Protein chains: 2
Amino acid sequence: MDSPKEKSTKERLLNSGSILFGEKGYGQVSVREICKHAHTSMNMIHHYFGSKEGLFEAIVDHFDKQLFAIPIKLLAKSPRSKEDFQAKIELLFETTLDAYLENKVILVFVDREQPKLDSLIEFSIGFKAFIEQAQQLGFARKELDADMVLGFMLDRIHNQVQFLPWIKKNHGLDIENDKAYRTRWCEANVDLFMNGIAS
Amino acid sequence: MDSPKEKSTKERLLNSGSILFGEKGYGQVSVREICKHAHTSMNMIHHYFGSKEGLFEAIVDHFDKQLFAIPIKLLAKSPRSKEDFQAKIELLFETTLDAYLENKVILVFVDREQPKLDSLIEFSIGFKAFIEQAQQLGFARKELDADMVLGFMLDRIHNQVQFLPWIKKNHGLDIENDKAYRTRWCEANVDLFMNGIAS
């Protein structure tokens, strides 16, 4: 087991790697730079991750596991009623948004490198099964393509976090710190998601 | 007026600037690199754009004007009927997707630098007016927040283009070259946009 101090060095390396890979791109960052940014000696990346590539994989793995852990659990059971279906969709929006916000530093570099995300695949499978159950139970429309439904939810959440600085600067809206906006954003998007725009 | 040759040098500089700014970030690219990439002499950026900053602004301006020119025209008139409303929404998805695909090289760097986009503001105003007219005419639900509706459409299209390489690699789907997928994608998203998921 890691001692507290070891854990902290490891976490600083994960954090510095995320920031520098995001800012400059994986290929443009040296092991020396990451260690300097993390205030550790040069051999620590080798010690904890084997190589720069190992650090990259550890960051992606950490991000991947964090991002969809709660959403995957939420979708494990079929909806019991129309109200339960609606409530679960609401929770899904809120918890996924929280997970993206917590990992927003890593998101920049994940978007850039576009690695394979194993738990995204697991989440997609769970989400599709959940939508299919809702269709069979008569809570969701039969015509739906579950992939597109998932895309709608993830695109909205992803971009709200990706463009957080832009939205803050140009619209004065801050989903991270403004609770009222966060609530309104989730409610309006769940409503749109559930009911569409046509009257 | 520019001669054909002059136009071509200018366009090559715009293109090379977009590619290099996108790959490395604005701050990491030198005038020398851009000129080399564009196969022009060193003083051409000065001649056409004044400076690196001038080139940056010219690329953003070009992108901004291109991206929303057709969508802005489409939204200028109120929908005449429910069918016309649906048809215009379909056209809006298709033409906006085309414009994003045509400008996909610039998108990488616009996402990174997140500059102010004037015609996005113009498009937003037009879109909101269009949705409000549809609400008054009874074609769209009264509860809608037009900003969120716009966000849904743009996020879907933006990300389909931003993650084109990732979607191609992981799902074998190519919205740029696979006409059947493009049609299916537009239809499914317009359906979701219009009708939501609830039955």
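1. Read along the sequence, the elements of chain A run α-α-α-α-α-α-α-α-α-α. That amounts to 10 helices and 0 strands. Please keep in mind that this is a predicted model.

2. Overall dimensions of chain A come next. Its C-alpha trace spans about 60 × 40 × 30 Å along the principal axes. The chain has 199 residues, and 33% of them are buried.

3. Now the interface. Chain A brings 32 residues into contact with chain B, and chain B brings 32 residues into contact with chain A. Three helices of chain A each supply at least two residues to the side that touches chain B: α8 (146-162), α9 (164-171) and α10 (179-195). Which helix of chain A gives the most to that side? α8(A) does, with 8 residues.

4. Of the residues that touch chain B, 15 are nonpolar, 10 are polar and 7 are charged.

5. Ile89(B) sits in helix α5 of chain B, which covers residues 82-102. Is Ile89(B) buried or exposed? Ile89(B) is buried, because 24 other C-beta atoms lie within 10 Å, and the cut-off for a buried residue is 20 or more.

6. What does Ile89(B) touch, once neighbours within four places in sequence are set aside? Its contacts are then Val190(B), Phe193(B) and Met194(B). Lys104(B) gives another reference point for Ile89(B). These two residues are 15 apart along the chain, and their C-alpha atoms are separated by 22 Å.

7. The second residue is Ala129(B). Ala129(B) belongs to helix α7 of chain B, residues 118-136. Ala129(B) has 14 C-beta neighbours inside 10 Å, so it counts as partly exposed. The reasoning is simple: a residue is exposed at 12 or fewer such neighbours and buried at 20 or more, and partly exposed in between.

8. How far is Ala129(B) from Leu75(B) in space? The C-alpha to C-alpha distance is 8.4 Å, while the two residues are 54 apart in sequence.

Conventions: Residues numbered from 1 in each chain as written. Chains lettered and ligands numbered in written order. Predicted model: local features only at pLDDT ≥ 70, side-chain atom pairs only at ≥ 80, totals over all residues. Helix = DSSP H or I, 4+ residues; strand = E, 2+ residues; numbered from the N terminus. Contact = placed C-beta atoms within 7 Å. Nonpolar A, V, L, I, M, F, W, Y, C, P; charged D, E, K, R; others polar.
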